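Hello,

Here is the structure we talked about. Please open it before reading on; my notes follow below.

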Amino acid sequence: MTDQPAIQVEDLHKRFGTVEVLKGVSLTARPGDVVAVIGGSGSGKSTMLRCINLLETPSAGRISIKGEAYEMRSVRGEMEPANRKQVQRIRAHLGMVFQSFNLWPHRTVLGNVTEVPIHVLGVKRAEAEARAIAVLERVGLGDKRDAWPAQLSGGQQQRCAIARVLAVEPTAMLFDEPTSALDPELVNEVLSVIRDLASEKRTMILVTHEMAFARDVATHVIFLRDGRIEEEGPPEQIFGAPRSPHLQQFIRSVA
Amino acid sequence: MLDGIDFSLLALDSPGWGGALLEGFLVSIQLAAGGYLLGLAIGICGAVAKLYGGRVTRDLAEIYTIVIRAVPELVLMLLFYYVGTDLANRAMQAMGYSGFDIDGLTAGILVIGLVQGGYATEVIRGAIRAVPHGQIEAAQAFGMAPLKVLRRVTLPAATPHAIPGMANLWMIATKDTALLAVIGFSELTLVTRQAASATRAYFLFFLAAGALYLLLTLVSNLGLRLFEKRARRGLAEVR
Ligand SMILES: Nc1ncnc2c1ncn2[C@@H]1O[C@H](COP(=O)(O)OP(=O)(O)OP(=O)(O)O)[C@@H](O)[C@H]1O
Ligand SMILES: [Mg+2]
């Protein structure tokens, strides 16, 4: 049981209307893995990530979290989740960090971090707050707990979003280009928090355009192109000795 | 100009009409507040139906708002009042309750609430659509159940956007109560008319009624401003 994958995606397909955006993607993240997903714009990185917590409904394929597969059913030829409660239960421990932070503006920093533990997981307020304060310290926001999101810089907002995920003690963390919306001088403060988490052997899937960072923290790199995994492997191989011409070109273009 | 006005007519006790006026005012406030809250509840349901409902619920909500906004309020009120109470009474009789009569205040609140609900639906729908979708998606991504997302994220985040429109509706609700005078509700306007014609002191009583409506508006404005400030916490400072 212990080496059961945290996340397993098997032959994932996703269509939007008639356009197939994912054409059979498989990946496995074991506990402690940091899977970096790279690829050009429109290659399907976000869609793949969003299928993992069912923000997008797969058209075909199988996704399991800690060995538990989402129960799906087919209605008029379209897949849909068969068990909403199961989806909610699994989602509660798959923390997602969005490109645009998506903090809740009507709650303070502390309120954002305690929201899910208290109102989804049923943790007692005092306990949730104590834990929230601890994770806020971790991301360097210990002194901002009573601030409103709108009073924070982009980097601080994203660190708050990461704290919000840490507070649910996630099975795995899903990052969708967490630094793409940030001013260049704010990127590093967020990357260094993610780097810390990676070094703690937290399981994560990280969609990113930061190649140097991916090379540095990833245990496994996936290069998506046009809805397929064109090449994958350890970071030294993907960045040091890419085989596919498209990957070679992609790495040159972003370097 | 105020010469010859007999202010003693406003005395609280008979033969003064002050007490009756205040009672009418109280009825007006109850009608307005009840109707407004009902309208708010209908508005939330209507907005949710329009935004997230299936085809049938969406169409029903659409028809409701179109009718409410197209037909003059007085006509709607007469319609709801007479047709509504008639239907309610017949339904009660059919179920074996005889001699049942829906009480006036409840009927008035229902009538105002149904009209308010049509406008509130549009105000709240617009406010919900102004909430960035990512905020709602974040709640869903954390496994929050749909109703909880609505209660804890969507509606609170929409509130600042809804306040100007809903404040307007409150003002309209207070004044719509006057239309109920036509149906015979002893609210402020009707009592004022009775007092005025009984004493011939038209100027005095309509002035007094106007002052009471104004007072209500001023006090509500104050309350609304406090509420708005609270709802906009977190938005106000930066930007
Ligand atoms: N809801 C949607 N409806 C229709 N098409 C969509 C939808 N979401 C994504 N797509 C399409 O699917 C393809 C993959 O999109 P996706 O967002 O997954 O790409 P990406 O690799 O994350 O790109 P980027 O680096 O720009 O974020 C794109 O062509 C996009 O236009
Ligand atoms: Mg993307």
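I start at the ligand. An oxygen atom of ligand 1 sits 2.8 Å from a polar backbone atom of Gly42(A). Please keep in mind that this is a predicted model.

**Around ligand 1**

Two side chains also come up here. An N or O atom in the side chain of Ser41(A) is 2.7 Å from an oxygen atom of ligand 1. For the side chain of Glu177(A), the distance from an N or O atom to an oxygen atom of ligand 1 is 3.2 Å. How much of ligand 1 does the protein bury? The ligand exposes 630 Å² when taken alone, and the protein buries 57% of that.

The residues around ligand 1 include a run from Gly40(A) through Ser41(A), Gly42(A), Ser43(A), Gly44(A), Lys45(A) and Ser46(A) to Thr47(A). Phe16(A), Val21(A), Glu177(A) and His209(A) are also among them. Which helix gives the most to this shell? It is helix H1 of chain A, residues 45-52, with three residues. By class, the shell has eight polar, two nonpolar and two charged residues.

**Between chain B and chain A**

Now the contact between the chains. Chain A brings 26 residues to it, and chain B brings 22. About 2,200 Å² is buried between the two chains. Carbon and sulfur atoms give 60% of that area. Three residues of chain B stand out: Ala141(B), Phe142(B) and Arg152(B). They supply 33% of the area that chain B buries against chain A, more than any other three residues.

Arg152(B) comes up again in the charged pairs. How many salt bridges are there between chain B and chain A? The count is two. One of them joins Arg152(B) to Glu115(A), with the closest N and O atoms 2.6 Å apart. Polar contacts between chain B and chain A come to nine residue pairs, counting those with both residues at pLDDT 80 or more.

Which helices of chain B touch chain A? Helix H5 (133-141) and helix H6 (146-176) each supply at least two residues of that side of chain B. H5(B) has the largest share, seven residues. By class, the side of chain B that touches chain A has twelve nonpolar, five polar and five charged residues.

**Where to look**

For the ligand, go to Ser41(A), Gly42(A) and Glu177(A). For the chain contact, go to Arg152(B) and Glu115(A), which form a salt bridge.

Best wishes

Notes. Residues numbered from 1 in each chain as written. Chains lettered and ligands numbered in written order. Predicted model: local features only at pLDDT ≥ 70, side-chain atom pairs only at ≥ 80, totals over all residues. Heavy atoms only, no water. Contact = heavy atoms within 4.5 Å. Buried area = accessible area lost by both parts, 1.4 Å probe. Salt bridge = Lys/Arg side-chain N within 4 Å of Asp/Glu carboxyl O. Polar contact = N/O pair within 3.5 Å; in protein donor to acceptor, adjacent residues only side chain to side chain. Helix = DSSP H or I, 4+ residues; strand = E, 2+ residues; numbered from the N terminus. Nonpolar A, V, L, I, M, F, W, Y, C, P; charged D, E, K, R; others polar. Near = heavy atom within 4 Å. Areas by Shrake-Rupley, 256 points an atom, 1.4 Å probe, with all protein chains shown as cover.
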